Amino acid sequence: MRDDNSALILVLPYPMAELRDNLESFEAYYDEIELCSAAAGSHPKGAIQIRNRQMVDRSDLVVFYVDHSSGGAYQTLRYAQRKEKETLNLVHFGGCG
């Protein structure tokens, strides 16, 4: 248990077999596991974007690793910037990838 004000939360867009088959391991690693109810009835590809936007909306700081200008992660970064969220793109710090 950490003594800071952060939490490691896994937010899934829909139930996944990997979670079901390894629930104990997931629960040991994450502080919380959530299913995004807003994405529940969506097509799987759309559900991921809905989940991503929900996470941005709930966050004070959004950490990314985006090194290209297309795709879902890039679209979520742009969404966070439009919402004037504080963002940190780890690609600018090197040493990854």
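Asn52 is buried, with a relative accessible area of 12%. Buried here means under 20% relative accessible area, exposed means over 50%, and partly exposed lies in between, with a 1.4 Å probe and protein chains only. Asn52 is found in helix α3. Beyond its neighbours within four places in sequence, Asn52 is in contact with Gly72 and Thr76. A contact requires heavy atoms within 4.5 Å.

The model is predicted; local features need pLDDT of at least 70, side-chain atom pairs count only at pLDDT 80 or more, and totals for chains, interfaces and linings use all residues. Residues are numbered from 1 along each chain as its sequence is written, and side-chain values use heavy atoms, with hydrogens and water left out.

The secondary structure comprises 4 helices and 4 strands. Their order from the N terminus is β-α-α-β-α-β-α-β. These elements are DSSP runs, numbered from the N terminus: helices are H or I with at least four residues, and strands are E with at least two. The C-alpha trace spans about 35 × 35 × 25 Å along its principal axes. Of the 97 residues in the protein, 21% are buried. Among contacts with a separation of 6 or more, 47% join residues 24 or more positions apart.

Gly71 is found in the loop between β3 (61-64) and α4 (72-82). Gly71 counts as partly exposed, at 40% relative accessibility. Gly71 and Asp57 are 14 residues apart along the chain. Their C-alpha atoms are separated by 19 Å.

Charged side chains number 10 positive and 14 negative. Lys and Arg count as positive, Asp and Glu as negative, while His and the chain ends are not counted. The centres of the two sets lie 12 Å apart. Each charge is placed at NZ of Lys, CZ of Arg, CG of Asp or CD of Glu.

A search of the whole structure finds 2 salt bridges. A salt bridge is a side-chain nitrogen of Lys or Arg within 4 Å of a carboxyl oxygen of Asp or Glu. Arg58 forms one with Glu34, with the closest N and O atoms 2.7 Å apart. Arg58 lies in helix α3 (residues 44-58) and Glu34 in strand β2 (residues 32-35), so this pair ties together parts that are 24 residues apart in sequence. Arg58 is exposed, at a relative accessible area of 54%. Asp21 forms a salt bridge with Arg20, and here the closest N and O atoms are 3.0 Å apart. Asp21 counts as exposed at 52% relative accessibility. Arg20 also counts as exposed, at 61%.

The whole structure holds 2 aromatic pairs. Rings of Phe, Tyr and Trp (its six-membered ring) pair if their centres lie within 6.5 Å; planes under 30 degrees apart count as stacked, over 60 as edge-to-face and the rest as tilted. Phe26 and Tyr30 form a stacked pair, 6.2 Å centre to centre with 15° between the planes. The ring centres of Tyr29 and Tyr30 lie 4.9 Å apart with the planes at 80°, so that pair is edge-to-face. Phe26 counts as buried at 16% relative accessibility, whereas Tyr29 is exposed, with a relative accessible area of 58%.
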